[in-house]
Structures are given as C-alpha cells and as structure tokens.
Amino acid sequence: YGETALKNKRLIYLLIFCGLLVTEIVIALFVNDAFVRPYVGDMLVTLLLCCLCRVILPDKVRLLPVYVFVFAACVEIGQYFDLVALLGLTDNKIISIALGRTFSWMDLVCYAVGCVAAYFLDRLIQKT
C-alpha cells in the first residue's frame, strides 16, 4: 500500500474508534438495562480495541481480531479467579473497573462476536 492509503486506513479506523468510544461512554453513563449494557457493550469493547490497534498497525497484524479475543478472554479468566482480590487491589476502583470482578461465559461470547465483527470490518476496509 502507498503511504496515502495507509493514512486513509488509519483515519477510517480512528473515526470508527472515536465513534465506538463515545458509544461505550454513553452506554456506561446512561444505559442501565439487561441487554445493551452487558451484551452490546461487551461486544463493542473488542471491536473498539481492534480499531485502536488498527490505527497503530493498519496492516501489520493479520490475525488481530484473534489476538484481541485472546486478550479479552484472559481478562475474563482473571475475573473468574478474582485477580483483583488476589492482587490485593480491591480498594483500587480504577483497577477493579478495568479488570472487572465478575466472570460470565456470555461475556466470552460477546467478545467473540465483537472480534468477528472486527474481522469483517477489516475485510471491508481492505477492499476500499
């Protein structure tokens, strides 16, 4: 790819990332339901991470959605073992929010759906 094409890809991913970040913030602040916040939010977070990585590495990492899923699954497994408590960081609100404290199999499904969406987004952007 030429330098202009890479800049355009980075810009596309950056715009999508910003849109997803705003969406995640709105969900976190204003949505308190049984579907959008727990499921759509979890699905969008892996898509958000993939877009952020693509801003930095638009073409370099072919299996990026797989790596993001593995990362998200590791975080979820950390929740299963209550990593925050094991590290003695339960009083640290930021760490507790970032790493989470509750394990859910459905979170893994949501992360997978987000990564599949990222894969198809990558394919769509590669074609343009």
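The secondary structure of the chain consists of six helices and zero strands. Along the sequence, the elements follow the pattern α-α-α-α-α-α. The model is predicted, and the chain averages a pLDDT of 94, with 99% of the residues scoring at least 70. Where pLDDT is low, the predicted coordinates should not be read in detail.

The mean confidence of two elements is set out below.

| Element | Residues | Mean pLDDT |
|---|---|---|
| Helix 3, the highest of the elements | 64–80 | 97 |
| Helix 5, the lowest of the elements | 93–99 | 90 |

**The chain as a whole**

The C-alpha trace spans about 50 × 30 × 25 Å along its principal axes. Of the 128 residues in the chain, 31% are buried. The accessible surface comes to about 8,300 Å², and carbon and sulfur atoms account for 72% of this area. Among contacts with a separation of 6 or more, 65% join residues 24 or more positions apart.

**One residue in its surroundings**

I16 lies in helix 1, which covers residues 3–30. I16 and V55 are 39 residues apart in sequence, while their C-alpha atoms are 9.9 Å apart in space.

Key:
Residues numbered from 1 in each chain as written. Predicted model: local features only at pLDDT ≥ 70, side-chain atom pairs only at ≥ 80, totals over all residues. Heavy atoms only, no water. Helix = DSSP H or I, 4+ residues; strand = E, 2+ residues; numbered from the N terminus. Buried < 20%, exposed > 50% of the residue type's maximum accessible area, 1.4 Å probe, protein only. Contact = heavy atoms within 4.5 Å. Areas by Shrake-Rupley, 256 points an atom, 1.4 Å probe, with all protein chains shown as cover. pLDDT = per-residue confidence, 0-100.
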